[in-house]
Amino acid sequence: MLQLLYDTPPEWAPAALADFDAFLRDHAANERKASAAAMRLAVHHHDIPILVDAMVEVAREELEHFEQVYEVIRERGGSLGQDCPDPYMTELYGAMRKENKTTFLLDRLIVFSLIEARGCERFGLVAKALEPGKLKDFYTELTRVEARHRALFVRIARQIYDVKEVDERIKTLTKREAEIVSALPLGPCLH
Ligand SMILES: [Fe+2]
Ligand SMILES: [Fe+2]
C-alpha cells in the first residue's frame with residue numbers, strides 16, 4: 001500500500017476552513033479534473049480492459065463528487081469559480097516519465113494514487129475540523145471513497161507491471177510528492 005511521506009500540518013485545516021467557500025470551489029474543480037483525467041486514461045489505453053473498466057467507474061464517482069460539492073456551493077448561495085493554475089498538479093505532472101507509453105502509464109497510475117492519497121488525508125482533516133452535521137458526514141464519506149481510489153490505482157499498476165518496478169517508482173514518486181506538497185503555502189484549497 002502506498003503511504004504518503006509528508007503529513008499535512010495541523011494549521012492546514014483551519015486555513016482551509018477560514019474561507020470555506022473558496023475551498024469548496026477548489027474542491028469542485030479537483031473532482032471535475034479527476035473525472036476527466038480518469039476518462040482520458042481510459043481512452044489512451046483502450047486496449048487494457050481492466051484499466052478501462054476501472055477508469056469509467058472512477059470517472060463516474062468523481063463526477064458524482066463534483067455534483068455533490070456543487071450542490072453544497074449552490075446551497076450556500078455561491079457558484080463555481082474560474083479554473084486556477086494548480087502548482088501541485090503541474091509539478092507532479094513534471095515528475096512523470098513521458099518518453100514512452102509504458103513508463104508514462106506506470107507513472108500516471110502512481111501519481112493518480114498519490115493524488116487520491118493526499119485528497120483522502122485532507123478530506124479526513126476537513127471532516128475532523130467540521131462541526132457534526134451534513135457537511136462533516138459528506139467529508140467523512142469522501143475520505144472513505146478516496147482511500148478506495150488510492151488503493152485501486154496501485155492495484156491496477158501491480159496487475160500490469162512487475163511488482164518490484166511498481167514499488168521502486170512508488171518510492172521515487174512518493175518522495176517527490178512530499179517535496180512538492182511541503183513547499184506549497186497553506187490556504188483555502190486542497191493542495
Ligand atoms: Fe473524488
Ligand atoms: Fe478519487
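**Exercise 1: Helices H2 and H3**

The crossing of H2 and H3 is left-handed; a crossing counts as left-handed if the near helix is turned anticlockwise from the far one by less than a right angle, and as right-handed if clockwise. Helices (H or I, at least four residues) are DSSP runs numbered from the N terminus. The structure is a predicted model, in which local features need pLDDT of at least 70, side-chain atom pairs count only at pLDDT 80 or more, and totals for chains, interfaces and linings use all residues. Residues are numbered from 1 along each chain as its sequence is written, while chains are lettered from A and ligands numbered from 1 in the order in which they are written.

Task: Determine at what angle the axes of H2 and H3 cross.

Solution. Step 1: the axes of helix H2 (residues 20-44) and H3 come within 8 Å and cross at roughly 160°. Axes are lines fitted to C-alpha atoms, for helices over the stretch in contact, with angles from 0 to 180 degrees between N-to-C directions. Step 2: H2 is therefore roughly antiparallel to H3, a term for angles over 145 degrees. Step 3: the contact of H2 with H3 has 19 nonpolar, three polar and four charged residues. Here Ala, Val, Leu, Ile, Met, Phe, Trp, Tyr, Cys and Pro count as nonpolar, Asp, Glu, Lys and Arg as charged, and the others, Gly among them, as polar.

**Exercise 2: Helices H5 and H6**

Task: Describe how H5 and H6 pack.

Solution. Step 1: helix H5 (residues 101-129) packs against helix H6 (residues 134-160) at about 160°, their axes being 8 Å apart. Step 2: this angle makes H5 roughly antiparallel to H6. Step 3: the crossing of H5 and H6 is left-handed.

**Exercise 3: Helices H3 and H6**

Task: Find how far apart the axes of H3 and H6 lie.

Solution. Step 1: the axes of H3 and H6 are 11 Å apart, at an angle of about 160°. Step 2: H3 and H6 are therefore roughly antiparallel to each other.

Technical notes
Helix = DSSP H or I, 4+ residues; strand = E, 2+ residues; numbered from the N terminus. Parallel < 35°, antiparallel > 145°, perpendicular 65-115°, else oblique.
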